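Subject: Model for your files

Hello,

Here is the model we discussed, with my notes on it below.

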Amino acid sequence: MTARPKLEAQDIRLSYLQPRTGTALAALDGVNLQIMEGEFVAIVGPSGCGKTTFLSVVDGLIAATAGRVLVDGEAVTRPGPDRAVVFQDASLLPWRTVLGNVRYGLECLGVAAREAGARAEKLVALVGLSGFEHHYPHELSGGMQQRVNLARALVVDPKILLMDEPFAALDAQTRELMQEELLRIWAAAKKTVLFITHQIDEALYLADRVVVFSGRPGKVKDSIAVDIERPRPIGVKRQARFHALEDRIWELIEEDVKTKAREDRHARA
Amino acid sequence: MKLERYLIGGGTLLVFLLAWELCADSGAINPLLISSPSRIAEAGAAAMSDPDFWTDVRVSANEFILGYVAAIIVGVPLGLLLGTSRRLSYIFAPFVDTLNAVPRVALLPLLIIWFGIGIWSKVAVVFLGAVIPILIAALSGVNTNEARFVAMAKSFSASRTKIFLSIILPGTVPYIFTGLKYAAGRALLGVVVGELYASTAGVGRMIADAGNMFQTDTLFFGVLIFTASGLVVVAVLDRLERRFERWRPGVGAPT
């Protein structure tokens with residue numbers, strides 16, 4: 001049985017015109033990717049490899065120079081309710097309460113106020129924030145803000161969840177807790193997930209498959225299936241098999257990371 | 001901490017008033033020049049029992065309120081509009097910049113030719129003084145909207161109207177309040193200068209008359225009225241701002 005992928009990126013290319021030099025700078029150089037229904041795929045790569053740009057193309061916020069994004073076999077060119085983004089900085093509206101932020105997407109879709117409120121409350125409970133409905137973002141910790149961020153994306157009931165390094169700004173302990181929480185919520189919500197991260201262990205712990213991006217311009221270097229059974233307690237990160245996969249991915253990106261570091265040194269010198 | 005602040009601040013003020021009183025009473029400085037707190041209080045009491053004084057207050061208050069409210073009604077929407085439409089801002093930018101550079105009180109003689117020496121020339125100068133800072137504040141509030149919030153809204157397929165109402169407008173509120181407070185000072189200045197220059201009534205007129213007759217006590221009392229009005233307006237705006245911005249850390253959030 002060859003099922004149709006839920007999300008497919010076909011040869012996505014993107015180049016910017018550099019304002020200073022007038023030359024084109026390639027950010028994405030032919031990205032091909034297929035994600036099946038319910039699959040959790042993580043993209044790792046050196047910083048500046050175009051991971052976040054790729055996510056914006058999939059969401060439809062940035063138009064690709066060439067290539068197509070297909071959801072259920074249909075091309076998408078703009079944001080739609082079938083995809084929702086969990087942003088890197090939580091991007092919560094500071095003048096709205098937790099509940100007000102979570103229902104934001106529903107308001108944009110024109111869902112009736114009463115239904116929007118009820119759905120938002122359900123999601124606030126799912127991400128474990130019951131009792132904080134009427135708090136403002138500045139009254140929440142970084143981890144709690146990301147829970148709101150996640151609830152805001154889930155409440156519109158998207159088919160595909162696009163997550164852009166959502167835990168990058170959290171401290172190490174909170175991050176591990178949030179990773180575990182995300183797997184719990186993912187199991188409950190049954191979504192297809194595309195997760196961007198620069199942390200190899202985070203990608204491995206969360207994903208069914210880890211896609212490795214090469215350095216700029218970004219393209220898929222390799223795709224590695226994570227054959228670690230679920231549910232995954234946080235302890236799997238200390239298993240030998242986990243470390244072996246970590247080493248393998250590190251080898252794939254090591255060279256790009258070192259090249260990038262060298263370039264940065266040159267740029268500063 | 002707070003008590004310390006009030007003790008030191010209030011104490012200093014008290015010492016200053018006492019020294020002022022002593023200088024005048026002892027004759028060290030001619031009271032005709034500097035008056036004194038007790039003389040000002042007496043002049044104030046006398047003025048307040050005079051119906052003419054209340055007419056002056058009413059005239060000045062009307063000039064301030066009419067001009068200031070008109071400036072808000074025009075300045076806020078126009079600033080928001082110019083902030084949202086690039087082309088409109090190109091059209092209006094030269095006028096806004098020029099008007100901002102002109103000291104608006106310099107237009108008073110012209111305004112008096114247009115509107116006479118009654119309250120409307122003063123309303124006009126108050127309006128001109130206040131409208132520019134309010135407009136610029138609203139405009140810069142729109143221009144500094146956070147790109148990440150707009151990207152978030154677009155990701156949820158928000159309409160342009162929705163983005164304006166839910167992202168841009170709330171983001172301008174702090175800027176608008178800053179503009180309103182600054183504009184209140186400009187508006188008050190318009191009332192004073194306008195009435196000093198040419199008028200038939202008003203607290204500024206009262207100050208000018210008192211000055212012409214060397215009544216320093218009454219003159220100081222008039223200045224005191226303007227000072228108090230300025231403080232009251234800013235206090236009212238502060239309260240309003242706190243109501244609007246409960247969400248901001250530190251602006252009256254009940255933490």
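In chain A, S6(A) pairs with strand S7 (residues 160–164) in the parallel sense, over four bridges; two strands pair if DSSP finds at least two bridges between them. The bridge partner of A:Arg83 in S7(A) is A:Ile160. Helices (H or I, at least four residues) and strands (E, at least two) are DSSP runs, numbered from the N terminus.

This is a predicted model, in which local features need pLDDT of at least 70 and side-chain atom pairs count only at pLDDT 80 or more, while totals for chains, interfaces and linings use all residues. Residues are numbered from 1 along each chain as its sequence is written, chains are lettered from A and ligands numbered from 1 in the order in which they are written, and side-chain values use heavy atoms, with hydrogens and water left out.

The chain A sheet is open and has six strands in the order S6-S7-S8-S3-S9-S10, with mixed pairing. Strands S6 (83–86) and S10 (220–225) of chain A are at the edges with a single partner strand each, so one side of each has no neighbour in the sheet. The twist from one strand to the next averages 20° (angles run from 0 to 180 degrees between N-to-C directions, and axes are lines fitted to C-alpha atoms, for helices over the stretch in contact). Helix H6 (residues 172–189) of chain A lies across S3 (40–44), S7 and S8 (192–196) of chain A, at about 145° to S3(A); contact means heavy atoms within 4.5 Å.

In chain B, helices H4 (residues 51–84) and H9 (residues 160–197) pack at about 145°, with axes 9 Å apart.

Regards
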